[in-house]
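Biologist: I am new to this structure and should like to understand the terms applied to it. May I put some questions to you?

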Amino acid sequence: MLDKKFEEFITDCFGHLKRSLDEVKSSLGFLCNQYDDLQKTVAGLKEENKKLVNENESLKLEIMAVKKDVKIQKEAMNDQEQYIRHECLEFSGIPEKEGEDIYQIIVDISQAVGVDITEDDISVSHRLPSKLGHLNAESPKKIIAKFTRREIRDKIYRVRKGLSNKTTKDIEYRNNNKIYISESLIERNKELLKSKKSPLNLNLSGPITVRFT
C-alpha cells in the first residue's frame, strides 16, 4: 500500500517536473525566436543606417559643389559689377543746393586740379542716394561721375592729391569744405577694403577679382 502511494507520489512529482520543464522549454523557444527577430531587426537597421550614411555623404558632396558654384557666381558678379564702374569716380564734400549743375561741378573740380575737361567728357553724373533724404551742408551726398573715356578718369584720379590745398570755395561755393575724389566701389568691395582681415588691393584697369570667404 505504501509502495503504491510512494509510486504515485513519484509519478506525480515527475509529471509536475516534466510540465515545468516543458514550460521552460517553451519559454526558451519563444525567447530564442524573439532574439532571432531582434537580430534580424538590428541587421536591418544597420543596413538602413549604412544607406543613410552613404546618402548623407553624397548630399554633403552635392552641398559643397553647390556652395562652390555659388561662390564662383558671386565672385563673377562682383567682378562684373565692379568692372562696370571702371570709368567712374566719386566726389565727396561738395555742398548740395537747389538747381545745381552736377556736370559743371565735375568740370570745375577737374579744372581745379589741372585737368581741362568739358561736360562732353562726362557720360553721366548724379548724386548718390543717402539715408538723409534731404539737403545737408555738413554731410552732402556724394557725386558719382562716369567719364566717356578711361584716360580722362585716370588722369583726374592721379592728380586728386592736388585738392589737398583746395576747398569748395575754389569752385565758387560759400562753404569751405574739403573735396575728396575716390574710386567708385560696390558695397561688397567697400566692406572688404575696410576690413583688416580681408585687405583689398584694387586695380581698376581691368576686371576686379574679389574672393569671398
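Biologist: Which residues have the most contacts inside the largest nonpolar core?

Modeller: They are Phe91, Ile109, Ile117 and Phe147, in a core of 23 residues. A nonpolar core is a set of buried Ala, Val, Leu, Ile, Met, Phe, Trp, Tyr and Cys residues joined through side-chain atoms within 4.5 Å. This is a predicted model, in which local features need pLDDT of at least 70 and side-chain atom pairs count only at pLDDT 80 or more, while totals for chains, interfaces and linings use all residues. Residues are numbered from 1 along each chain as its sequence is written, and side-chain values use heavy atoms, leaving out hydrogens and water.

Biologist: Why is Ser125 called buried?

Modeller: Buried means under 20% relative accessible area, exposed over 50% and partly exposed in between, with a 1.4 Å probe and protein chains only. Ser125 has 7% relative accessibility and therefore counts as buried.

Biologist: What does Ser125 touch beyond four places in sequence?

Modeller: Its contacts, meaning heavy atoms within 4.5 Å, include Ile102, Tyr103 and Ile106 as well as Ile143, Ile144 and Ala145. A polar atom of the Ser125 side chain also lies 3.1 Å from the backbone oxygen of Ile144.

Biologist: What is the pLDDT over residues 197–213?

Modeller: pLDDT is the predictor's confidence in each residue, from 0 to 100. Over residues 197–213 it stays under 50, whereas the protein has a mean of 79. The model has 34 contacts beyond four places in sequence for residues 197–213. Where pLDDT is low, the predicted coordinates should not be read in detail.

Terms used:
A polar contact is a pair of N or O atoms within 3.5 Å; within protein, one must be able to donate a hydrogen and the other to accept it, and residues adjacent in sequence count only if both atoms are side-chain atoms.
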